Amino acid sequence: MIEQDQNNAYAWYLLGNEYNEMEMPSEALQAFSEAIKYSDEDLKYKVFDELGKLSQKKNQKVDECECSQENNIEIEEKEDNIIPLRLIIGGGNDKSTLNYNEGLPNISFEDVGGLENLKETIKMKIVKPFVNQGLFDKFRKKVGGGILLFGPPGCGKTFIARATAGECNASFVPVHITDILDPYLGVSAQNIKDIFSNARTKKPCILFFDEIDTIGYNRSRLSGEHMRPIIDQLLSEIEGIDSSTDKLLIIGATNMPWDVDTAFKRPGRFDKTIFVSPPDQGARALIFKLKLKDRPTDIIDYNMLAKNTELYSGADIENVVEVATENVITEILSSGVERLITMNDLVEAIKCTKPSTIEWLRTIKNYVKYSNQAGVYDEVEKFLASHKGI
Amino acid sequence: MMQSYDKEKLNELNEINYFSSIGRYEVALDKINHIMSFHPNDGYILFLRANCLINLEKYQDAIEDCKQAISFGYSADKCKYLLGQIHMILKRYVESEEYLLDALVENPNMSNAMATYGYLMFLTGHEKKAAKLLEEALKIEPDNETALHYCFYYHLAKGKHRNQIAVVEKLMSNSNSEITTLMKIGMMEYYRDHYKAASECFRQIFLLDPTDQKILKLLQRVQEEASILYFPQRIIAKLGGPAVIWVSVVITSFVLIKLNYIGTTLIILSVYFVLCIYMWLTPTLYKLFSKFK
């Protein structure tokens, strides 16, 4: 069939399957690569599925012999002339270990304390479109796409993203800059391509780019040209120029939204921007409860603690609990009399700590003042208006 | 000497260079400290750390690292140039000159060092020497960003507007950083009393990096000076400043009294007195005006 028509994508696909069954991965990959060149969208999905299976099979094999041959893997790949579907080692991480929900607790919005408004926004903007695909298909509305979460550090952007994946019942693939960067020319861009190809085989899937500002850094501030291809590749992958991103949701999180290239914020890329504010009073009470769980405590008024920790992030609250616990332990060690963590210890700990979000909020306050013409930061403005002291 | 690194270390070095290039010096420093535990005597890594420390304004530590990098055999011209820069920032001009000259002895074609030395000469009042050195630096490397940067500030101080524009044009075609060129245009406009244009430039820079408090202060100052409330101050500045006005008022009043124009003298003194009070109140008025706005 192929001899008669070299452009027959289906024939290449069948040949790839044949090679796959015959345990000839190199030839299978070449055949699938040819199939992708000439295939339509439907067939492309099938090919991607097969490639995913092939990649997994290969990774399993690699894992088996990893202990003895860890450093020789790349050389072997070159010798076999196999297209490197498994990502090349970089940043101390093996990219084949990019997590597809494995090892992650299956969390949902029930596990997120407070932040009811944010959860409702995410439900309406992300979860419902994702789980009601029929309705969206009918109206020819794309289900996947990009969402940018931004807010002060330590306020649970990553946790919210994981919970969103749990709500959507989708695979969750966290990606960090270290999974992408490679010292060799062109490999970083290829890594991005591979991450997206792998994610597409796992649909429905949520790709989570933590600290998106480091990957999608503002190109007008780059001091060199070497990062441009990486950013361009990421932009084209997010927009889905080469292949459809339906049922593939991309969530980016950043605490420096001003450092994210403006091209990422255009429609079709990260077209929804969500502000993750510091936890509200209810959320803070819940976080205190959670952090003090399993510790020897006296009667604690969580609402009072929450009231006294305005603008504290989740990480700040954890710090308060740690400081209080440390103080109690020090006292026990010096007096020799054991006692519980009391309300007073926590209040004292609050007095000697400050919310770490203030600096961020002051920066964004100035930023919003000079940049909110498009209304992207309306939510932030509302938040700042309700906290006049910042 | 620069050591050879395995793949993992190469990755880490790549990350360090990347984080430095996007201005995340603290992250880069953490990674450098990590890699230092494996390569404690590596001059290149020490040099990288010195670069990060300068940007984090930890100059003394940066000096130590630079000196150590030289002792471990890393490029002496680069290290000495960096030391020259640090001492110039710290206003230790004698030490700065020594290091910059040393760097130029090591590498006479190092246009960065030559331009920095030229600017140092300008700062210390040797204007002719400064002009020659800056010109020489640009001859060696016409598109060198550091040389263009110092040339611009030299022309700005000398009030040579055409030369400023020529340098900015060159920077625009050579510099990747939008902040660098916007900053120069903003400064140029500011010194030509085009406050609105300057304010817009600084606003754009601030939007690119809202964590930069210096830019925010500059922006606020330019916006304040551009305000209609500061109109009398601008006129006074154009007439030669408050001292000139004070001397003029005193002389005029004295002459008018001699000519027996008491009424006119009183009016002039009253206007001057009101103007003084207005100028004293302007910052408060501006704050109120901004809040209302």
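This is a predicted model: local features need pLDDT of at least 70, side-chain atom pairs count only at pLDDT 80 or more; totals for chains, interfaces and linings use all residues.

Residues are numbered from 1 along each chain as its sequence is written, and chains are lettered from A and ligands numbered from 1 in the order in which they are written.

Chain B holds 16 helices and 0 strands. These are DSSP runs, numbered from the N terminus (helices: H or I, at least four residues; strands: E, at least two). Chain B is more spread out than a compact globule, because its radius of gyration is 25 Å, well over the 19 Å that the globule rule gives for 293 residues. The radius is taken over C-alpha atoms, and the rule is 2.2 Å times the number of residues to the power 0.38. The C-alpha trace of chain B spans about 90 × 45 × 35 Å along its principal axes.

Now take helix H9 of chain B, residues 145-158. Its buried residues include B:Leu148, B:His149, B:Phe152 and B:His155. Buried means 20 or more other C-beta atoms within 10 Å of the residue's own, with C-beta atoms placed from the backbone. Just after H9(B), B:Gly159 takes a positive phi of about 70°.

H8(B) packs against H9(B): which residues make the contact? H8(B) supplies B:Ala130, B:Leu134, B:Ala137 and B:Leu138, and H9(B) supplies B:Ala147, B:Tyr150, B:Cys151 and B:Tyr154. Contact means C-beta atoms, placed from the backbone, within 7 Å.

Technical notes: The expected span of a helix is 1.5 Å times one less than its number of residues. A residue is buried if 20 or more other C-beta atoms lie within 10 Å of its own, exposed if 12 or fewer, and partly exposed in between; C-beta atoms are placed from the backbone. Two residues are in contact if their C-beta atoms, placed from the backbone, lie within 7 Å.
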